[in-house]
Each structure stands twice: as C-alpha cells, then as structure tokens.
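Subject: Structure handover

Hello,

Here is the structure for you to look through. Please open it before reading the notes below.

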Amino acid sequence: MPADVAVSVVVLVGIVALSYVTRRLSTRALADTGISEYAAEFVSTFQLCCCAHELKVLSEVGRIDSRLALTFTYLIAVIHGFTFNGAIGNPIGVLECAYRSRLTRGGAFRRIACEFAAAAASRAAVPVIWGMGLSGLHVRHKLHDFQCISPIHAPLPQAAAVEFACAFAVQTVITCTRSIGEKSHVHAVAAIITTVVYAVPLQWKLLYGIQPGLLAGPHHGYDELRATVR
C-alpha cells in the first residue's frame with residue numbers, strides 16, 4: 001500500500017506540474033488574443049478534476065488511512081489555491097461573478113463551457129493513466145473497469161443538506177478571510193475544507209465526493225491570487 005500511495009502522489013505531482021507549465025505557456029502564447037483566461041480556466045479545471053479522480057481512487061479503492069486522506073485534502077486544496085492563477089474552476093462561482101458584474105455574460109458562458117470541456121477531458125484522460133498499471137491500486141481499479149462506487153451512502157435529502165452545509169461553511173470562510181492576505185487566505189480555505197471533510201460522518205463516504213465542488217468553491221479567493229505561485 002505505501003508503494004501505491006507513493007505512485008498516486010507522483011501522479012498528482014505530475015498532473016499539477018504539467019498543468020502549471022501548460023497554463024504558463026498558454027497564458028504567454030495567448031496573451032494578446034483575449035482568450036488566455038479561458039485557456040487558464042480549462043487547464044485549471046482539468047487539474048482540479050484529474051486530482052479529484054485520483055484522490056477518489058485512493059479513498060475508495062485504496063482505503064487509505066483517514067489521517068493521510070485529510071493531509072492530502074489539505075495539501076491539494078493549498079496547491080489548487082496557489083496555482084489557479086485567476087481561474088474559477090466552478091460554474092456556480094462563475095455565475096456568482098457574473099451576478100456581481102465581475103464577468104460579462106458572454107465571458108461567464110465561455111468560462112463555464114471551458115469548465116465542462118475540461119471535466120469531460122479529465123474523465124477521458126485519467127483512465128489512460130490508470131490503464132498504464134503504474135500501481136497495484138490502478139491495476140485493481142482497471143479490473144473493475146474504472147468504476148467508482150457512489151460516494152453518497154445516505155438518502156438524497158440528507159446528502160443534499162450536508163452538501164449545502166459544507167458549502168455554506170466554506171463560503172463563509174472565503175468571504176471573511178479575503179482581507180487577511182493572499183497566502184493566509186488560501187490556507188484558511190484549505191483548513192475549512194479539511195475540517196468539513198473530517199466533520200462529515202464517515203458512513204456517508206463523502207470524503208472525496210464533496211471535495212471537487214468545495215475545492216472549486218473559493219472562486220473569489222482563488223481569483224484574487226494572480227500574484228501567487230499559481
């Protein structure tokens with residue numbers, strides 16, 4: 001199992017590194033075209049979704065220790081925060097930015113289109129990675145035809161209530177920590193995401209089921225991190 005976890009960490013690092021390089025190159029190449037922000041949106045959402053897929057496999061197939069899972073949750077949230085470079089990564093976040101007149105309607109529509117395209121691309125890309133059989137975990141997942149079990153083991157109304165409560169908690173922290181500085185803001189958001197993941201009852205199996213939406217949730221905060229590493 002330690003070897004499988006190590007391989008997954010390498011995969012995650014590779015996804016982030018490749019996305020970072022692609023985002024930087026595309027931003028420079030498309031700087032004068034007016035579409036660089038959409039390229040960054042696509043690449044960042046692709047990164048988010050690919051990482052979420054790999055973490056979901058670690059959780060569902062690998063059954064990793066909960067403390068290690070929470071560590072990964074925190075670290076990947078911080079990494080996304082420092083590397084999105086103005087991307088939003090969530091259609092709801094885009095709609096809110098449009099509502100607050102931070103984006104035009106056309107710009108919001110194009111960003112959402114990029115996000116859906118990136119999500120579809122990630123679903124096509126990760127089976128290719130898993131199909132390489134880099135770890136026993138990936139091999140077992142391939143034997144099950146890359147099928148993940150449902151992360152929600154609870155009645156839909158209760159699951160929706162938990163999802164809403166989690167999103168509300170994260171959004172509250174995002175709103176209240178915008179003025180404390182970029183780096184502190186990212187760590188604060190990552191901390192509340194990790195806390196929310198820990199607080200959800202384990203029988204709900206929502207550890208990574210809710211994470212993609214929450215990671216994308218800090219839309220304003222991440223949008224303000226243009227000067228940071230990511």
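The notes below go from the whole chain down to single residues.

This is a predicted model, in which local features need pLDDT of at least 70 and side-chain atom pairs count only at pLDDT 80 or more, while totals for chains, interfaces and linings use all residues. Residues are numbered from 1 along each chain as its sequence is written, and side-chain values use heavy atoms, with hydrogens and water left out.

Overall make-up

The protein chain has 10 helices and 0 strands. Here helices (H or I, at least four residues) and strands (E, at least two) are DSSP runs, numbered from the N terminus. Along the sequence the pattern reads α-α-α-α-α-α-α-α-α-α. Of the 230 residues in the protein chain, 45% are buried. Buried means under 20% relative accessible area, exposed means over 50%, and partly exposed is in between (1.4 Å probe, protein chains only). Contact means heavy atoms within 4.5 Å. Among contacts between residues at least 6 apart in sequence, 79% join residues at least 24 apart.

Helices α1 and α3

Helix α1 (residues 2-29) packs against helix α3 (residues 66-83) at an angle of about 10°, and their axes are 12 Å apart. Axes are lines fitted to C-alpha atoms, for helices over the stretch in contact, and angles run from 0 to 180 degrees between N-to-C directions. The two helices, α1 and α3, are therefore roughly parallel to each other; angles under 35 degrees count as roughly parallel, over 145 as roughly antiparallel, 65 to 115 as roughly perpendicular and the rest as oblique. On the α1 side the contact is made by V5, V9, V16 and R23, and on the α3 side by L68, F72, I79 and T83. These residues divide into 6 nonpolar, 1 polar and 1 charged. In that count Ala, Val, Leu, Ile, Met, Phe, Trp, Tyr, Cys and Pro are nonpolar, Asp, Glu, Lys and Arg are charged, and the others, Gly among them, are polar.

Nonpolar cores

A nonpolar core is a set of buried Ala, Val, Leu, Ile, Met, Phe, Trp, Tyr and Cys residues joined through side-chain atoms within 4.5 Å. The largest core has 17 residues, of which V5, I15, C51, L55, L58, I64 and F72 touch the most other members. At least two residues of this core come from each of α1, α2 (36-60), α3 and α5 (105-131). A second, separate core has 16 residues, including V170, V173, V186 and V197.

Aromatic pair

How many aromatic pairs does the structure hold? There is 1. F164 and F168 form this pair, which is stacked, at 6.5 Å centre to centre and 20° between the planes. Rings of Phe, Tyr and Trp (its six-membered ring) pair if their centres lie within 6.5 Å; planes under 30 degrees apart count as stacked, over 60 as edge-to-face and the rest as tilted. F164 and F168 are 4 residues apart in helix α7 (residues 156-176), so about one helical turn separates them. Both F164 and F168 are exposed.

Single residues

G14 is in helix α1 and, at 35% relative accessibility, counts as partly exposed. N85 lies in the loop between α3 and α4 (91-99). Phi of N85 is near 55°, a positive value in a residue other than glycine. S101, in the loop between α4 and α5, has a phi near 65°, also positive in a residue other than glycine. N85 counts as partly exposed at 24% relative accessibility, whereas S101 counts as exposed at 63%.

Regards
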